[in-house]
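Subject: Structure handover

Hi,

Here is the structure I promised you. Please open it alongside this note, and my findings follow below.

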Amino acid sequence: MIKQFIDRLLGAGGNGRKPGFGKRREIGPQEHHIDPSLVDERAVNVVRALKDAGFEAYVVGGAVRDLLLGLRPKDFDVATNATPEQVKGLFRRAFIIGRRFRIVHVVYGRGREHEVIEVSTFRAYLDNAAAEAVAGNEKTSRSELAGLKHAVDASGRVLRDNVWGPQEEDAARRDFTINAMYYDPQTQTLVDYHGGMKDARKLTLRMIGNPAARYREDPVRVIRAVRFAAKLHPLGFKLEARTAAALRPSLPLLADVPQSRLFDEMLKLLQTGHSEATVEQLKALDMASGIYPLLDLVVERADQAFVRSALQDTDRRVAEGKPVAPSFLLACVLWSDVRDGWAQRLSQKQHPFPALQGAIDDVFDARIGDVSGRGKLGADMREIWMMQPRFDKRVGSTPFSLVEQPRFRAAFDFMRLRADAGEVDVVLADWWQEFSQADEHAREDLVAQVRAEQQQKGARRVRVVRPQEKASPAERPAAGAPLEPAAAQEPAEADGAGADAARKRRRRRRKPAGAGAVGGGEAPPPFIAGD
């Protein structure tokens, strides 16, 4: 304890040098020009409740950065000197989450996206050399970590960090200078310790402290650096030279990060509305491979027309405020593997649907493994793929049942991208677009038209059975007598009467009791992530 106190007093930071706590600078609205109307009222309420209870509280992180740039943040985080238990006690719907970093989620509404305010407690700047060291990781050393507040693994990666401290130490622990500012929406005061506002004005992404040491503390910061560079690149932001130079040498540190966490970070890279820019950043930084195998595959296939269309479609949906699902994008990236495996199995005379199922299983085993491929994400991907051959069948009850499937919209969007890439006939995609938006009567007519077209094509291909081939010997004409053409014997069918008769014989499809079929010409609901 005495050594730690002396180290704190002298400012030792694990390498004999004083950690950069920075100098507190309070900036007023006349200088930072933040528009208070851009601050979410729910975040203001959380700050107000904490301050009324006698605590410090600020909006923090990326929200402050966006406010400085004149953007409306999508998410708001709050930092306070109240402990997680004290925060939880102030709000009716608040939940403590996390083990590595314990934080509180204050929930509003139904707790959907952007309806949760994340509240974190100011953390102390600690010397990782003085932390408890464990031999394994989060999973293998779970019992050892249970009672620890500050622990690292053998490589120095932080596994537990729940020691509270003052605001200046909390700021020094954050990653980039532009993410280490605090904003009080009540007094409209901006608090800056590390020149974050200056870097924001200079459009610079700069790591606080020594970049190599910060990446070693938490290797996922390597991925975060790429994500921020891609997100802010359209605004003109660039990585500071030292921050960028340490990225590539730090890639091997990701080998110690749990695969599940890397998988989640990969999804963040691809679903924040900047997936194309992310691919370009990874190439520019010489990091096209080495982060995560599935991400390497995305970068490798990003130039393919089908995958590029999927990335563009994902970015477009995010920009329009529409939900996106990781299952859809990953299904697009892995489709060529599924398609090739399916074709190989069909060449071995396997039945089409079991062949497709087998190809999908092979892809899950080879590309995704046990991280998430056997969960809901994998089930959604499987449904999208298994529906593709069903789009070829447009007669009978198949179209009516298919359009009512929960995953129909995702599978249709997938098929539409295939059509745009030239893999599927555009006419087929247009037919399903019209069918999905039509009412019950119009759907019946669309199916009838397809049936009539198929009958006409079949009539030209199938050999006509002549009357004498099935008549009794007594009924057959005498030898040498002229035969009348088959079409002349049944003119009604040749004129289309047979098609009308077929339409009359067709039983009207009975709508299931309580079924919510799309009707009235309304389009089906859009595909929503997690449906």
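Start with Asp170, which sits in helix 7 (residues 167-173). Keep in mind that this is a predicted model. Asp170 has 5% relative accessibility. The cut-off for buried is under 20%, so Asp170 counts as buried. Leaving aside residues up to four places away in sequence, Asp170 touches Thr121, Phe122, Arg123 and Tyr182.

Now the chain as a whole. It has 26 helices and 13 strands. Of its 531 residues, 44% are buried. Take the contacts between residues at least 6 apart in sequence: 66% of them join residues at least 24 apart.

Strand 2 (residues 57-60) and strand 3 (residues 77-80) run antiparallel. They are joined by 4 bridges. Ala57 stands opposite Thr80 of strand 3.

What lies across these strands?

Then look at helix 15 (residues 293-301). Of its 9 residues, 7 are buried, so helix 15 is largely enclosed by the rest of the structure. The buried ones are Leu294, Leu295, Asp296, Leu297, Val298, Val299 and Arg301.

Helix 18 with helix 19 (residues 376-387):
- The two pack at an angle of about 145 degrees, and their axes are 11 Å apart.
- The crossing is right-handed.
- Helix 18 brings Phe353, Leu356, Gln357, Ile360, Asp361, Val363, Phe364 and Ile368 to the contact. Helix 19 meets them with Gly378, Met381, Arg382, Trp385 and Met386.
- By class, that contact has 9 nonpolar, 2 polar and 2 charged residues.

Helix 17 with helix 21 (residues 408-420):
- The axes come within 11 Å and cross at roughly 40 degrees. Helix 17 and helix 21 are therefore oblique to each other.
- Helix 17 passes helix 21 in a right-handed crossing.
- On the helix 17 side, the contact residues are Phe328, Ala331, Cys332 and Trp335. On the helix 21 side, they are Ala410, Asp413, Phe414, Leu417 and Arg418.
- This contact has 7 nonpolar residues, no polar ones and 2 charged ones.

A word on the spacing of such contact residues. An α-helix has 3.6 residues a turn, so residues three or four places apart point the same way. Follow Phe328, Ala331, Cys332 and Trp335 along helix 17 with that in mind.

One is Asp170, buried at 5% relative accessibility. The other is helix 15, with 7 of its 9 residues buried.

Best wishes

Definitions and conventions:
Residues numbered from 1 in each chain as written. Predicted model: local features only at pLDDT ≥ 70, side-chain atom pairs only at ≥ 80, totals over all residues. Heavy atoms only, no water. Pairing = 2+ DSSP bridges. Buried < 20%, exposed > 50% of the residue type's maximum accessible area, 1.4 Å probe, protein only. Axes fitted to C-alpha atoms, helices over the stretch in contact; angles between N-to-C directions. Left-handed = near helix turned anticlockwise from the far one by under 90°. Contact = heavy atoms within 4.5 Å. Nonpolar A, V, L, I, M, F, W, Y, C, P; charged D, E, K, R; others polar. Parallel < 35°, antiparallel > 145°, perpendicular 65-115°, else oblique.
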